[in-house]
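Here are my notes on this one, point by point.

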Amino acid sequence: MRAIVCETWGGPETLHIRDVADPVAKQGEILIRVHAAGVNFPDVLIIQKKYQVQPDLPFIPGAEIAGEIEAVGEGVTGFKVGDRVSALCSIGGFAEKIALNAHLCIPIPQHIPYEIAAGFILAFGTAHHALIDRGDLKSGDTVLILGAAGGVGLAAVEIARARGAKVIAAASTDAKLAICRERGADATINYTTEDLREAIRTHTEGRGPDIVFDPVGGRYAEPAFRSIAWRGRYLVIGFADGDIPRLPLNLPLLKGASLVGVFWGEFARREPKNQIAMMQDLFEMLAAETIRPLISKTYPLDQAPQALADMAARKVTGKIVITP
């Protein structure tokens with residue numbers, strides 16, 4: 001099969017497309033023909049040895065896939081050849097085939113295209129776990145979403161809106177903010193041209209947001225936290241800006257606020273029953289069209305390095321997907 005292979009640590013330009021041996025479904029595994037693979041910011045980090053998970057070289061990047069089962073290993077129940085499934089796989093997704101433990105796989109409803117399913121799990125799973133589980137989102141809450149036009153940010157816009165929150169979307173360009181408004185944001189902030197704290201104050205009538213959803217980190221974290229409402233929840237999702245911020249610990253004290261870590265991958269590993277229930281909720285929301293994932297671009301397999309370069313350069317809105 002063909003696959004994108006990381007043979008040395010570095011940027012997307014160091015990746016190569018190679019012919020490698022087809023995987024085989026071992027005991028407890030299923031073999032999947034990959035029809036689509038989602039591209040995520042962790043894929044950019046993992047090839048540079050900057051992610052929490054650091055696989056041995058060489059390896060195939062790609063953390064989430066959707067496809068059709070080609071073979072079922074010994075001991076597998078509940079799946080058969082021809083079934084449509086999606087999975088979070090950590091690595092191995094940027095390839096024509098992948099063998100995975102059956103417990104990692106989730107059936108895809110027939111009406112959901114592979115491209116949507118492949119770009120759905122990580123972004124919407126992270127946003128749902130962050131807002132509903134870790135953030136205790138309630139109808140009527142005000143939610144500030146930083147990096148709101150990215151895959152995880154836009155998923156947060158849609159989920160918060162669907163749950164009855166007021167959504168303030170912050171992003172770096174007016175074009176990105178236009179997409180956020182199309183997806184249901186009530187107010188927007190361009191944090192490259194506006195003073196973030198002043199804009200938050202204006203949009204919340206001085207009260208501040210109940211929840212700050214932050215996949216960006218960097219220089220926006222402290223002004224966002226200083227603006228949070230009393231008993232607010234600051235959700236730490238990631239650091240797309242590149243810098244891990246250092247917040248003075250008197251800020252949570254003064255606001256009676258919570259600084260909440262969000263590590264969806266570890267949640268899915270440690271709490272599989274809760275993870276399955278969460279995905280069922282998301283698929284129900286998808287079927288009811290209360291959420292509408294945006295796939296902004298697809299790339300063939302040999303253009304996977306370009307897809308990762310676009311992700312690294314923060315040129316992406318919504319989700320992008322590779323179609324082997």
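1. No disulfides turn up: a search of the whole structure finds zero, counting a disulfide as a pair of cysteine sulfur atoms within 2.5 Å. Take Cys89: its sulfur sits 9.0 Å from the closest cysteine sulfur, that of Cys105, which is too far for a bond. Cys89 is buried at a relative accessible area of 10%, and Cys180 is buried too, at 0%. Here buried means under 20% relative accessible area, exposed over 50%, and partly exposed in between, with a 1.4 Å probe and protein chains only.

2. Some bookkeeping before you go further. This is a predicted model, with local features needing pLDDT of at least 70 and side-chain atom pairs counting only at pLDDT 80 or more, while totals for chains, interfaces and linings use all residues. Residues are numbered from 1 along each chain as its sequence is written, and side-chain values use heavy atoms, with hydrogens and water left out.

3. On to the cores. A nonpolar core is a set of buried Ala, Val, Leu, Ile, Met, Phe, Trp, Tyr and Cys residues joined through side-chain atoms within 4.5 Å. The largest one has 55 residues, and Leu131, Phe213, Leu235 and Leu282 have the most contacts inside it. There is also a second, separate core of 38 residues, which includes Val5, Ala37, Ala307 and Ile320.

4. What does Leu235 touch, leaving aside its neighbours within four places in sequence? Its contacts (heavy atoms within 4.5 Å) include Ala130, Leu131, Arg134, Phe213 and Val262.

5. Next, helix packing. Two packed helices are described by the angle between their axes and the distance between the axes. Helix α3 (residues 121–134) and α10 pack at about 105°, with axes 10 Å apart. The axes are lines fitted to C-alpha atoms, for helices over the stretch in contact, and angles run from 0 to 180 degrees between N-to-C directions. That makes α3 and α10 roughly perpendicular, since angles of 65 to 115 degrees count as such, under 35 as roughly parallel, over 145 as roughly antiparallel and the rest as oblique. The contact uses Ile121, Phe124, Gly125, His128 and His129 of α3, and Met278, Met279, Asp281 and Leu282 of α10.

6. Glu284 is in helix α10, residues 272–287. Helices (H or I, at least four residues) and strands (E, at least two) are DSSP runs, numbered from the N terminus. Is Glu284 buried or exposed? It counts as exposed, at 55% relative accessibility. Glu284 and Arg134 are 150 residues apart in sequence and 20 Å apart in space, C-alpha to C-alpha.

7. Helix α11 (residues 304–312) has Ala304, Pro305, Ala307, Leu308, Asp310 and Met311 as its buried residues. Their cover includes β1 (2–5), β3 (29–39), α1, β14 and β15 (319–323). Just after α11, Arg314 takes a positive phi of about 55°.

8. Some backbone spots to check. Ser90 is not a glycine, yet has a positive phi of about 70°; this residue is in the loop between β5 (84–88) and β6 (97–101) and is partly exposed at 35%. Glu289, also not a glycine, has a positive phi near 60°. Glu289 falls in the loop between α10 and β14 (295–300) and is exposed at 61%.

9. Last one: the peptide bond from Leu57 to Pro58 is cis, with omega near -15°. Pro58 lies in the loop between α1 (41–46) and β4 (64–72).
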